[in-house]
Amino acid sequence: MFLREMAISLHNLEFRWHKQAPPTLLIDRLDVPRGERLFLRGPSGSGKSTLLSLLGGVSQPQSGVLEVLGEPFHLMRGARRDRFRADHIGFVFQLFNLLPYLSMVENVTLPCRFSPRRSQRLRDKQRSPEEEALRLLAELGLDDPRLRGRPVTELSVGQQQRVAVARALIGSPELVIADEPTSALDADRCELFLRLLEGECAAEGITLLFVSHDASLAPLFDRTLELAALNRAVQ
Amino acid sequence: MPIIILALKSLWNRRATALLTLLSIALAVTLLLGVERLRTEARASFANTLSATDLVVGARSGPVPLLLYAVFRLGNATNNISWQSYQAIATRPEVAWTIPLALGDAHQGYPVLGTTAAYFDHYRYGQRQPLRLAQGVPFSDLYDAVLGAEVAKALGYRLGDAIVLSHGAGKVSFVDHADKPFRVVGILAATGTPVDRTVHVSLAAIEAIHIDYQNGAPRPGHSLSAEQAREMDLTPKTLTAFLVGLHSRVAVFRLQRFINDYPEEPLLAILPGVALGELWQVIGIGEQALLAVSAMVVLVGLAGMLTALLAGLGERRRELAILRSVGARPWQIFTLLVSEALTLALLGAAFGLALLYLLLAFSAPLLQAHYGLQLGLGLPSRHEWQLLGLVLGAGLVVGSIPAWRAYRYSLADGMSIRL
């Protein structure tokens, strides 16, 4: 597989919830080069959720082009889109990312159960999913053995979000999309969390799309874009 | 299969609800299989009320009435048969043995049967089981009586007690044979057949207590004491019916035809197995109803599972969204929910089966002693496996309803975690 330049590439993208409804998203052009750590600032009402549902493959645009890793994501049908997403994109959400009935390590290895490609990448590195989970958790400062045996519901919110990051990163997907993952953290923990996230993405060459309404985080990223300025539907 | 493991862990996480659901399915399965087993046993025991008997012979009426009074000792015979006809048939070369039956009297509503020692030698029920005396001995003296298990238990009789027979088959009789009391010499073990409800005396005793009767009523001024009756000729003049055993079953239809065409007297010979089958057709409707009711109970149990799964689904939308975000496809979400339901149904069926055997192990000796029902601890029959299969199938169908809902949710919600 040759190196593709763009991790995400949008052209003339248009999306409306119904045929008669006004468009909620109209983006002429958005390119995210591979390896970039992009901060996309979007207050509520800027079309942030819509863009994320398009990138997650939950919704499909009415017109325009949405390429992910050079593949026409907007043209893929249900099952193929699901597989592509599972193989290439890791997600971190705002809150409650973990399954309460699984241990910390089991939560992190979850994507390997569903994506043969991610578990294949670990095999190529001659690591088992559990070893890799422990390595990632250690990188993220969760190597205290006492934490490991505890139910994930007893972890602090910051710890839970770091477990979610480890899960998004396992098996080295090309792209990680984080949706307000820091909104429940206080300022100190927020900065620590972001440094860990950035560091891991940089080490693995992973493209990071970080979506948040909080402009104060912007200096920590390579580049910042205002969604409200991109989305002609809200201007 | 990772999905199954996830399903099990998720179930374990909700174990309180899951356990209740499991329990209701298990109890329903126990009831279903228990009723099925009792039903099968009741039918078998009914069909085996009388075994090893080739023909039942009585005065000409119909097969079912003859069966009812000769075997079940219910109601009255319309006519008796003569001692001569009985002798003529009993002495035929193909006949191995006969059991004469003289009915018509009662003791506290329980039928009194006059018969001979052949009754204890040749009468068979169930899987050709002979009668067994729980206490005492067969009758030998003229005024000896042998009680069926239920008679002795219900009326509290013991060996040596004196009993008075009543004239006529009713519960309330105005004419007692009070002048000729009987002594209890034997009590039979429970058989689960009408034998349990019978008071057995000798044929001669039946003759003796009616010796001073004429046209079914005591002859005034001609009463004979118990001791005087001993001196009389007590050869019976009539019988109600008799059972016939043959040397070879091959001769059964020939003898049946011979008896039905008997020129001296209108007689009827029936094959007890065939007649019992006809009778079961009539009274067997109840067993179907019983099975239908227990099938309903299983449906209620599964409906409980459906309720629990559907109610839990709302709270689990977040769990489903997380699974979607880590790459689970909608069909895998469907599989997850179906495997949960199937696990519940499977464990429910297994626990139900275990509970059934536990109950059987405890109750089988009691049922045997009190009702003569033999509930084996054998492996489930093919029909029982089929019923279990139906329960699992129904569990699968019921489980696919919440699974389908979850599938729709996971398509609509995608990965957005709704709180």
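This is a predicted model: local features need pLDDT of at least 70, side-chain atom pairs count only at pLDDT 80 or more; totals for chains, interfaces and linings use all residues.
Stop 1: Select strands E6, E7, E8, E3 and E9 of chain A. These 5 strands make up an open sheet, ordered E6-E7-E8-E3-E9, with parallel pairing. Strand E6 (89-92) and strand E9 (223-226) of chain A are at the edges; each has a single partner strand, so one side of each has no neighbour in the sheet. From one strand to the next, the twist averages 20°.

Now zoom in on strand E3 (residues 37-41) of chain A, which runs parallel to E9(A) and is joined to E9(A) by 4 bridges. To find one of these contacts, pick Arg41(A): its bridge partner in E9(A) is Glu226(A).

**Stop 2: the domains of chain B.** Colour residues 2-46 and 285-413 of chain B as domain 1, and residues 55-270 as domain 2. Taken over C-alpha atoms, the centres of these two domains of chain B are 52 Å apart.

**Stop 3: strand E11 of chain B.** Select residues 199-202 of chain B, which form strand E11.

Strand E4 (residues 110-115) of chain B runs parallel to E11(B), with 4 bridges between them; here Val112(B) has Val199(B) as its bridge partner. Strand E8 (residues 144-147) of chain B runs antiparallel to E11(B) and is joined to it by 2 bridges. Finish at Val146(B), which stands opposite His200(B).

Terms used: Residues are numbered from 1 along each chain as its sequence is written. Chains are lettered from A and ligands numbered from 1 in the order in which they are written. A residue is buried if 20 or more other C-beta atoms lie within 10 Å of its own, exposed if 12 or fewer, and partly exposed in between; C-beta atoms are placed from the backbone. Two strands pair if DSSP finds at least two bridges between them. Domain bounds come from an automatic or database domain assignment. Axes are lines fitted to C-alpha atoms, for helices over the stretch in contact, and angles run from 0 to 180 degrees between N-to-C directions.
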